[in-house]
Amino acid sequence: MPKERGHNLIARNRKARHDWTVLDTYEGGLVLTGTEVKSLRQGRASLVDSFATIDHGEVWLRNMHIPEYTEGTWTNHAPRRSRKVLLHRDEIERLMGKTKESGLSLVPLSLYFSDGKAKVELALARGKRIHDKRRDMAKRDAEREMARAIGQHRKGMR
């Protein structure tokens with residue numbers, strides 16, 4: 001049987017970049033059970049309201065929803081259980097220092113398969129305030145208007 005290659009996206013946390021300012025990103029593996037992997041291969045997962053914590057030198061992904069595998073039996077998994085994230089020791093220590101002293105949080109951005117292994121992209125992030133979100137929305141609208149005006153100018157409509 002050939003090995004799986006490439007990058008296969010399962011779920012993306014779309015609100016994360018709206019609600020948080022991303023300072024740094026990390027890729028980590030996930031410790032999963034068999035039925036969780038099968039459910040992920042069907043493309044079923046949700047990162048909404050999920051977050052990561054560091055407890056006793058280990059990173060845990062909390063509140064991520066992986067629905068029960070439909071073909072599973074009594075050995076099925078709990079949908080919202082805590083899942084361990086595998087990172088290098090120096091990355092965990094760096095994250096522990098930054099989250100404790102400066103009030104930063106660990107937010108999952110995406111969940112995907114990389115060469116057949118389940119991976120999660122974690123972001124070291126700071127929460128945005130309302131005026132930051134408004135500024136970002138105004139900037140995005142202005143860029144969209146500029147692109148529209150340039151496109152109309154090139155087509156000769158103005």
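Visitor: Which domains does the domain assignment give the protein chain?
Guide: Domain 1 covers 7-127 and domain 2 covers 129-157. Such bounds come from an automatic or database domain assignment. This is a predicted model: local features need pLDDT of at least 70, side-chain atom pairs count only at pLDDT 80 or more, and totals for chains, interfaces and linings use all residues. Residues are numbered from 1 along each chain as its sequence is written, and side-chain values use heavy atoms, leaving out hydrogens and water.

Visitor: What separates the centres of domain 1 and domain 2?
Guide: 33 Å, taken over C-alpha atoms.

Visitor: OK, helices and strands. How many are in the chain?
Guide: The protein chain has 4 helices and 7 strands. These are DSSP runs, numbered from the N terminus: helices are H or I with at least four residues, strands are E with at least two.

Visitor: How far apart are the end C-alpha atoms of α4?
Guide: They are 38 Å apart. The rule is 1.5 Å times one less than the number of residues.

Visitor: And what follows α4?
Guide: Gly156, with a positive phi near 80 degrees.

Visitor: New topic. Where is Ser102 found?
Guide: Ser102 is in the loop between α3 (89-101) and β6 (105-114).

Visitor: Why does Ser102 count as partly exposed?
Guide: Because its relative accessibility is 34%. Buried means under 20% relative accessible area, exposed over 50%, and partly exposed in between, with a 1.4 Å probe and protein chains only.

Visitor: What does its side chain reach?
Guide: The side chain of Ser102 reaches the backbone oxygen of Lys98 at 2.7 Å.

Technical notes:
Polar contact = N/O pair within 3.5 Å; in protein donor to acceptor, adjacent residues only side chain to side chain.
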